[in-house]
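Have a look at the fold below.

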Amino acid sequence: MSAMTHDHAVTVIATYMQLMRDPDCASSNFYKRMFELDSSLQSLFSADMEDQKQKFFQLLTTIVRSLDNMDRAKPMLQHLAERHQGYGVQADYFKVGGEALLYAVQACLGPAFTADVEIAWREAYKQMYQIIVATYQEMK
Ligand code: HEM
């Protein structure tokens, strides 16, 4: 598995604290960007989007907080993958999700989104994505 250093985890957690001041910014931008990148994904969602945004941000908070300990994050990501397969979400859609998340982080952090911050978030998402894809493969 690729290396996410402790420094990366610390950077992601620290910038996430900033995002938490305005959770709606991150979650709104995430869905906005995801549907811009692939409008067909919109039809998978039947739930109230305000409710969905809150659930998304809550779970993301729990995942991000455990990023410096992948043994703790892994089972959460495996369950996330299992549930999403049930929603008809293909593993590949998590690539779009990654781009949307990076966009949202950038949009909400503004000038605090430095090159180092971007690298740390990309590495963190890569780590999450690998666990999600591996779980999808095991479910086949
Ligand atoms: C960072 C990655 C993601 C996180 C943390 C996340 C989180 C969540 C959460 C917390 C829920 C509520 C239900 C549950 O907990 O199972 C949910 C539902 C859902 N998510 Fe995600 N999600 C992510 C990525 C994606 C992506 C890339 C897609 C692609 C389309 C997606 C599609 C859906 C759908 C279709 C539902 C069900 C909505 C409904 O019931 O109408 N998610 N997600």
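The questions and answers below go through this predicted model.

Q: How do you know what kind of secondary structure the chain has?
A: Count the elements. The chain has six helices and zero strands. Read along the sequence, the pattern is α-α-α-α-α-α.

Q: What makes the radius of gyration of the chain agree with that of a compact globule?
A: Set the value against the rule. For 140 residues, a compact globule would have a radius of gyration near 14 Å. The chain has 14 Å, so the value agrees. Along its principal axes, the C-alpha trace spans about 35 × 30 × 20 Å.

Now to pairs of helices. Two packed helices are described by the angle between their axes and by the distance between those axes.

Q: Why is helix 5 called roughly antiparallel to helix 6?
A: Helix 5 and helix 6 (residues 115–139) pack at an angle of about 155°, with their axes 10 Å apart. Angles over 145 degrees count as roughly antiparallel. The angle passes that cut-off, so helix 5 is roughly antiparallel to helix 6. Their crossing is right-handed.

Q: Which residues meet where helix 5 packs on helix 6?
A: Helix 5 brings Phe94, Gly98, Leu101, Leu102, Val105 and Leu109. Helix 6 answers with Val117, Trp121, Arg122, Tyr125, Tyr129 and Ile132. By class, this contact has 10 nonpolar, one polar and one charged residues.

Q: Which residues meet in the contact of helix 2 with helix 5?
A: From helix 2 come Cys25, Ala26, Asn29, Phe30, Arg33, Met34 and Leu37. Among their partners in helix 5 are Val96, Gly97, Glu99, Ala100 and Tyr103. The residues of this contact divide into 13 nonpolar, two polar and two charged.

Q: What makes helix 2 and helix 3 roughly perpendicular?
A: Their angle is about 110°, with the axes 9 Å apart. The range for roughly perpendicular is 65 to 115 degrees. The angle lies in that range, so helix 2 and helix 3 are roughly perpendicular to each other.

Q: Which residues form the contact of helix 2 with helix 3?
A: Met49, Lys53, Phe56 and Phe57 in helix 3 meet residues of helix 2, including Pro23, Asp24 and Tyr31. By class, the contact has seven nonpolar, two polar and two charged residues.

Q: Which residues come nearest to the ligand?
A: There are 19 residues around the ligand, and Leu44, Ala47, Leu59, Arg83 and Gly97 come nearest. Helix 3 (49–65), helix 4 (70–86) and helix 5 (93–109) each give two or more residues to this shell. Helix 3 gives the most, with five residues.

Q: How do the residues of the shell around the ligand divide by class?
A: The shell has 13 nonpolar, four polar and two charged residues.

How values were computed:
Residues numbered from 1 in each chain as written. Predicted model: local features only at pLDDT ≥ 70, side-chain atom pairs only at ≥ 80, totals over all residues. Near = placed C-beta within 6 Å. Helix = DSSP H or I, 4+ residues; strand = E, 2+ residues; numbered from the N terminus. Nonpolar A, V, L, I, M, F, W, Y, C, P; charged D, E, K, R; others polar. Axes fitted to C-alpha atoms, helices over the stretch in contact; angles between N-to-C directions. Parallel < 35°, antiparallel > 145°, perpendicular 65-115°, else oblique. Left-handed = near helix turned anticlockwise from the far one by under 90°. Contact = placed C-beta atoms within 7 Å. Rg over C-alpha atoms; globule rule 2.2 N^0.38 Å.
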